[in-house]
Amino acid sequence: MKRLPLAAVLAVFTGWLLWSVSTRQAALFAVGLGLGAVLAGQRFGFTTGWRMLIEQRDASGVMGQLLLLALAAALAMPLLGHYPELTAALGPPSVSLLVGAFVFGLCMQIADGCGSGTLYKAGLGIPMNAAILPLFALGSFLGSLHLGFWLDLGRVQPVGLVNQFGWVQALLITLAALALAAVAVRWYVGRASQAAGQAPKPLLVRKWMLGAVLLALLATANLLIAGQPWGVVYGFGLWAAKLAQATDAADLAGNWFWSQGGNAARLQETVLMDVTSITNIGILGGALWVSAGKATTAKPLNGTQWAVALVAGLALGYSSRLAFGCNVGAMLSGISTGSIHGWIWVPLAFAGTIFGLRIRRHFGF
Amino acid sequence: MTQHTTLRLVFWAILVAFLAWDWAGSKPVDLRLEPPLIAAGSGQAATGGHCSMPD
């Protein structure tokens, strides 16, 4: 398919959303298209960036992600301070967060994609990620069914830096912590490259820097329009929940998560009214547009690799629900809006990634 | 048509079919209750679901 007719189809769908659903949802779909185009166009993969750091001592991807977090925080925190109707991505520090973040970091390396990565790669037409997407949704739904049990194991109230200290101090704390992380990463790659007898790779690479700037702007647009930060995982769980509801596969009315007022109401509405679902669909569309007219290459997988990838995709969905988000919902949106759960998520997911890379190598991905 | 293209078409056909099924079976959208285009400054609290929020 060529880009022009595809752009026309996407424009018609945006117009239909504007006419039949709402102006907000049409605007969020457009934001999603932009996110998908940037993620796919710049190949801005959170999973890849972490893998490059560990396996190749190449910190350019992680530096791009740190820039993204800093820019997003610099834009989001003043908005949160000035507009009380905007909400931060506040997840509760909990046992489920610790377990979920570790398992998510492990599985995202095997499945070669986090939440946004799975979406944009599915949009690009990569068979493994397209096959993982429905299992990600099923896993997210199963995680939501069990979330009440996991939270009973131990949780504290969410902590938000903007609420606690005001947006100026929250931003200064966040930027200082990100700068510290950048210094630590630079020190690590310098030392590791020296030990390997290689020259350190460049830290600042155009594709990652440009991707970071564009994603920060689009994430801020999402916050301004939706009133809440960019998220991915909730939409997946909702899609599977709607199918489960229609087929009587689960008692959602008696479930802790799905009987909450907002979640129960969303089960009755079309997913096109859900802010997370509409940006997810937009990301798929944006990535499809990028891939149009280009041949997408993907390494063929053997049977064992397929089985391992699909199980990892299911676990990816389950663990992201337990961890209160993926690299987008917990890391980017959590940290940039001052949620402590984002800062807990990152080291645990990174530890999981170290194990995930070993499993990935073992199965020859 | 390559196998890759066929798989891609199947993926999009399933997604579009799901969205059409969902639209047909869900509560109709009430355009009179349309949310504000921009939440910031609207005075209305955000009510969307998010992965970071359990309840």
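Is A:Ser116 buried or exposed, and what is its relative accessibility? In this predicted model, A:Ser116 counts as buried, with a relative accessibility of 1%.

Figure 1. Leaving aside residues up to four places away in sequence, A:Ser116 touches A:Leu39, A:Phe46, A:Trp230, A:Val232 and A:Val328. The residue counts as buried because its relative accessibility, 1%, falls under the 20% limit.

**Figure 2. Overall form of chain A, with 16 helices and zero strands.** Chain A has a radius of gyration of 20 Å, close to the 21 Å given by the globule rule for 365 residues, and is therefore as compact as a globular protein of that length. Along the principal axes, the C-alpha atoms of chain A fill a box of roughly 60 × 50 × 40 Å. Of the 365 residues in this chain, 58% count as buried. Among contacts in chain A with a separation of 6 or more, 82% are accounted for by residues 24 or more positions apart. The accessible surface of chain A comes to about 13,600 Å², and carbon and sulfur atoms hold 68% of that area.

**Figure 3. A nonpolar surface patch that includes A:Leu214.** The patch covers about 290 Å² and is made by A:Leu75, A:Val213, A:Leu214 and A:Leu217. Helix α10 of chain A, residues 206-226, supplies the largest share of the patch, three residues. A:Leu214 has its place in helix α10. With a relative accessible area of 30%, A:Leu214 is partly exposed.

Figure 4. A disulfide is a covalent bond between the sulfur atoms of two cysteines. At a relative accessibility of 6%, A:Cys107 counts as buried.

Note on methods. Residues are numbered from 1 along each chain as its sequence is written. Chains are lettered from A and ligands numbered from 1 in the order in which they are written. This is a predicted model: local features need pLDDT of at least 70, side-chain atom pairs count only at pLDDT 80 or more; totals for chains, interfaces and linings use all residues. Side-chain values use heavy atoms; hydrogens and water are left out. Patches are made of residues with over 30% relative accessible area and no salt bridge: like charges are joined within 9 Å, nonpolar side chains (Val, Leu, Ile, Met, Phe, Trp, Tyr) within 5 Å. Accessible areas come from the Shrake-Rupley method with a 1.4 Å probe; for residues, only the protein chains shown count as cover. A salt bridge is a side-chain nitrogen of Lys or Arg within 4 Å of a carboxyl oxygen of Asp or Glu. Helices (H or I, at least four residues) and strands (E, at least two) are DSSP runs, numbered from the N terminus. Buried means under 20% relative accessible area, exposed over 50%, partly exposed in between (1.4 Å probe, protein chains only). The radius of gyration is taken over C-alpha atoms; the globule rule is 2.2 Å times the number of residues to the power 0.38. Contact means heavy atoms within 4.5 Å.
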